[in-house]
Amino acid sequence: MTEPTLLIRDADVVATMDDERRELPRASVLIRGRAIEAIGPASDLPREADEVIDARGHVVIPGLVNTHHHMYQSLTRAIPAAQNAELFGWLRTLYPIWAGLTPEMARVSAQVAMAELLLSGCTTSSDHLYLYPNGVRLDDTIEAAASIGLRFHPTRGSMSVGESAGGLPPDHLVEREDAILHDTRRVIETFHDPSRHAMVRVGVAPCSPFSVSPGLMRDAAALARATGTRLHTHLAENDHDLAYSRDKFGQTPTEYAESLGWLGEDVWHAHCVKLDAHGIARFAATGTGVAHCPCSNMRLASGIAPVQRMRASGVPVGLGVDGSASNDAAHLLNEARQAMLLGRVGRSLDAFGCDHGPAEFTARDALDIATRGGARVLGRDDIGHLAPGMSADLALFDTRTLGFAGGAVHDPVGALLLCASATTAYTVVNGRVVVREGRLATLELEPLLERHNALARQLANRSA
């Protein structure tokens, strides 16, 4: 059977983010099945296909890649008691609420988080689900991704060290380590797809140094490498996190991670705000990735990650929106904009004494982190830029809208990052149009939001 074709025709600009970082004016993209077949000047490509999207007045970019999220947290956005807390206090406030999470809540909150990502131009996202009360399973979020059409990297998170053993989470929210490893293997064997253009790839993700044991970290790394999956956790997020590693383990976060086998090209860590010069050097030497989460780091006053120093040293850096209760938004294009702006803050805030300025973090740098950087962090060579043979993941933004007025006429690609963050007009994942004319095409959004809000009230009331 002949695969269906989709033609993105006559775009004002196609920002390929390929190896030459070509930006093609008056260009088209031809998709066959789930992959890009051709890309180039509109005059050189066909004018017809099974489906044609008129992209005049639009900028086309590769689908954005989100490397860190906690999707269930969309249920607890803007909880008053947690609005002004730093990381540890924020967690202690929200753990008792999250203890009421149900399978339906996990599924619906994931769909809402995914809808927000898709409407921001994101086509691939990881998710770090690390608590499993009341029968919740990672399967719930995987089902949500299948229904909405997002390319998904779910990670089987875990917590095993409760308060009574010196950890941060309450004892009733932690799991037995043998049960964690057994279920992690089950999820990998059931869902993980290592093939090119895969829609689901599973990761192994003990939550953090302050919620799991060194033994579980070692065993999780061994399991991941035996099954060919990737490793993910939080590391060096703020000063309290740093102090915990030094007090509990007598090591910096990087030294602790390396002692347990948690550096390497198959590993990525979230945040790394407090990564020191030695840590950056070891991450660069081993190819260990970082998920940069600027909005969450600002929201919790964790600090500013030394992202440009990491990138200059060769550390793979992607972008993450983090949980929707520490960011309270999941707009990945806006996250890229915030990364750019935060990366321009002056040298007085840089522990390394770097001379920052507007030219030190450009709009193209931010777009690179949000596309190619994220693909590298997730270990994918089939997403992150537009070229023949690559997965057909892309986003179209209408530059004729109010927020781009006076900007897109000068630099349409730069305007995506410098002007107000827009909602995508079209989002295509694996060759399938999942956002069409600014509306989600795979699910009815209004009833989903109504149910999500009801569940958010139920979760908060149950805790109260």
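Reply: Start with a cut-off: a residue is buried when its relative accessible area is under 20%, and exposed when that area is over 50%. The model here is a predicted one. Asp10 has 18% relative accessibility, so Asp10 counts as buried.

Me: Which residue forms a salt bridge with Asp10?

Reply: A salt bridge needs a side-chain nitrogen of Lys or Arg within 4 Å of a carboxyl oxygen of Asp or Glu. For Asp10 the partner is Arg9, with the closest N and O atoms 3.6 Å apart. Arg9 is also buried, its relative accessible area being 18%.

Me: How many salt bridges does the structure hold?

Reply: There are 31. One of them joins Arg299 to Asp328, at 2.7 Å between the closest N and O atoms. This pair links distant parts of the chain, 29 residues apart: Arg299 lies in helix H9, Asp328 in the loop between strand E13 and helix H11. Arg299 is partly exposed at 22% relative accessibility, and Asp328 is partly exposed at 24%.

Me: Which residues are linked in a network of salt bridges?

Reply: Arg137, Asp139, Arg156, Glu175, Asp183 and Arg186. Within it, Arg137 and Asp139 approach to 3.4 Å between their closest N and O atoms. Arg137 is partly exposed at 40%, whereas Asp139 is buried at 5%.

Me: Which residues are buried in H4?

Reply: Ile180, Asp183, Thr184, Val187 and Ile188. Seen down the axis of H4, the buried residues fall within an arc of 140°, so they line one face of the helix. His182 and Glu189, on the other side, are exposed. The cover over the buried residues includes helix H3, strands E8 and E9, and helix H5.

Conventions. Residues are numbered from 1 along each chain as its sequence is written. This is a predicted model: local features need pLDDT of at least 70, side-chain atom pairs count only at pLDDT 80 or more; totals for chains, interfaces and linings use all residues. Side-chain values use heavy atoms; hydrogens and water are left out. Buried means under 20% relative accessible area, exposed over 50%, partly exposed in between (1.4 Å probe, protein chains only). Helices (H or I, at least four residues) and strands (E, at least two) are DSSP runs, numbered from the N terminus. The arc is that of the directions from the helix axis to the C-beta atoms. Contact means heavy atoms within 4.5 Å.
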